[in-house]
Amino acid sequence: MVKVVVAGGGWAGCAAALSAAKAGADVMLIERTDLLLGTGLVGGIFRNNGRYTAAEESIAMGGGDLFVVMDANSRHRGISFPGHNHASLYDVTTMEPLVKKVLQNYNIEIKTKVRVVDVIKYGKIIKSIVLDDDTVVHGDAFIDTTGSAGPMGNCLTYGNGCAMCILRCPAFGPRISLTAKAEVKEIMGRKADGSYGAMSGSCKLNKDSLSLEIREQLESTGVVVLPLPEAIQKTGTLDKKACSQYAVKEYAANLILLDTGHAKLMTSYFALDDLRTIPGLERARYEDPYAGGLGNSMRYLGIAPCNNFLKVEGVDNLFCAGEKSAVLVGHTEAIVTGLLAGHNAVRHCLDMQYLEIPSTLVIGDFIAYVHEKMATEEGLRLRYTFSGSVYFERMKSLELYSTNRSVIKERVGNERLTDIYNTCLV
Ligand SMILES: Cc1cc2nc3c(=O)[nH]c(=O)nc-3n(C[C@H](O)[C@H](O)[C@H](O)COP(=O)(O)OP(=O)(O)OC[C@H]3O[C@@H](n4cnc5c(N)ncnc54)[C@H](O)[C@@H]3O)c2cc1C
């Protein structure tokens with residue numbers, strides 16, 4: 001039996017575990033906190049702009065399980081807000097147990113509240129990983145999906161300090177990178193001004209702390225846009241944001257709220273005193289990060305150098321996905337890379353040729369383009385997503401953007417990749 005071990009249970013790790021299990025491997029998924037989904041516990045937006053095409057490609061390729069469960073658990077579907085169309089908002093408060101169930105249905109062994117702290121390597125091969133309870137876990141292939149957010153030292157050095165976010169580093173211990181433990185030199189993403197990292201671009205407000213009128217509008221339409229008086233507009237913070245698809249003027253001139261279960265506030269941080277001067281927000285309180293009046297988590301501080309198969313350079317049996325694999329942003333982006341990494345980890349174990357998704361598909365073009373751009377100084381200062389900024393523009397110019405399911409299915413079929421992730425390889 002082929003054994004694949006996945007470190008990090010965010011969206012990328014969940015997708016990698018899923019595709020490895022579907023390809024026939026015996027899979028263990030290790031997550032340091034008591035919850036799966038990582039930063040996906042506070043996000044919620046998907047299917048917006050080009051993410052729709054990427055989700056449908058994954059479904060046609062047989063990797064749709066996570067999108068199906070996100071769709072089923074959406075509070076709003078097909079909504080628009082500045083710069084974004086046909087978005088869905090999954091309920092961040094109820095998503096995690098549903099995903100866990102999907103993974104358990106594929107017999108994936110999920111270990112929570114344990115951290116990968118070291119590797120045992122022979123030459124260029126990882127034989128085992130060591131957990132913080134001293135357990136040694138053997139595997140044939142490993143996948144690093146430990147993400148790029150935090151830990152506290154990075155938030156202090158490159159941001160405004162620990163803002164007490166969903167990653168809960170003081171309680172569960174800091175993020176530890178499997179790639180770094182395997183002695184591979186990691187890449188650091190940069191802000192537009194060249195300094196390291198990027199600050200997460202949204203916060204969650206407690207819905208009950210908003211006025212009844214705002215709450216009702218939010219729950220019925222999914223979106224509330226509140227124009228901001230000039231004196232409290234935050235134009236200066238836009239360049240620091242991780243999600244450059246929202247670093248446009250509408251997001252500085254307005255307070256944009258989305259209903260993801262909490263009220264998602266589309267700004268990195270916003271001083272509580274200023275927030276409470278806005279009619280309807282006089283009693284507003286942050287839900288995540290708790291210190292959202294001061295700052296937010298820092299990301300992109302530790303990316304694995306890897307190729308388009310998502311194999312980490314310098315280690316024969318280490319793969320990566322999600323924010324670990326590129327300066328990419330998003331649940332969809334984490335899932336599509338996770339699916340590929342999990343599948344290729346199994347191919348590695350069986351000595352099969354790796355799968356590279358062709359650039360005629362948006363997922364293949366995205367992975368190749370981001371890796372190409374990341375080789376340049378300028379490229380490391382950008383973030384990449386199907387939902388906006390440079391990559392969405394590219395998708396449109398290459399005519400890869402589509403919301404037509406039949407067209408997307410046909411493209412996948414033309415590449416003979418229909419149901420590739422549903423194929424048992426073992
Ligand atoms: C506040 C916020 C809002 C966002 N909103 C959206 C949104 O609405 N839509 C969207 O598409 N994207 C959103 N994003 C971005 C998106 O969440 C991420 O890009 C994506 O989910 C990253 O997934 P990942 O699996 O690569 O990493 P992560 O989500 O960071 O997951 C990594 C996981 O690895 C675990 N881990 C780390 N080290 C170890 C270790 N040594 N051992 C075991 N486990 C370990 C961590 O605990 C974590 O669970 C948001 C991000 C943030 C921070």
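Me: In this predicted model, how much space lies in the second largest cavity?

Reply: The second largest cavity holds about 40 Å³ of space. The model is a predicted one.

Me: What makes this space count among the cavities of 30 Å³ or more?

Reply: The cut-off is 30 Å³, and the count at that level comes to four cavities; with about 40 Å³, the second largest cavity is included.

Me: How does the lining of the second largest cavity divide into nonpolar, polar and charged residues?

Reply: Eight residues are nonpolar, two are polar and one is charged. Lys234, one of the lining residues, is charged because Lys belongs with Asp, Glu and Arg in that class.

Me: Why is helix H2 called roughly parallel to helix H11?

Reply: The axes of H2 (residues 51-60) and H11 (residues 331-349) cross at roughly 30° and come within 10 Å. Angles under 35 degrees count as roughly parallel, and therefore H2 is described as roughly parallel to H11. Their crossing is left-handed.

Me: What residues meet where H2 and H11 are in contact?

Reply: From H2 come Arg51, Ala54, Ala55 and Ser58, which meet Thr332, Glu333, Val336 and Leu339 of H11. The residues of this contact divide into four nonpolar, two polar and two charged.

Terms used: Residues are numbered from 1 along each chain as its sequence is written. This is a predicted model: local features need pLDDT of at least 70, side-chain atom pairs count only at pLDDT 80 or more; totals for chains, interfaces and linings use all residues. Side-chain values use heavy atoms; hydrogens and water are left out. Axes are lines fitted to C-alpha atoms, for helices over the stretch in contact, and angles run from 0 to 180 degrees between N-to-C directions. Helices (H or I, at least four residues) and strands (E, at least two) are DSSP runs, numbered from the N terminus. Angles under 35 degrees count as roughly parallel, over 145 as roughly antiparallel, 65 to 115 as roughly perpendicular and the rest as oblique. A crossing is left-handed if the near helix is turned anticlockwise from the far one by less than a right angle, and right-handed if clockwise. Contact means heavy atoms within 4.5 Å. On a 1 Å grid over the protein atoms alone, a cavity is a set of points where a 1.4 Å probe fits but cannot get out, and a pocket is an open set with protein on both sides within 12 Å along at least five of seven lines; lining residues have an atom within 4 Å of a point. Grid points are joined across faces, edges and corners, and a volume is the space filled by probe spheres set on the points.
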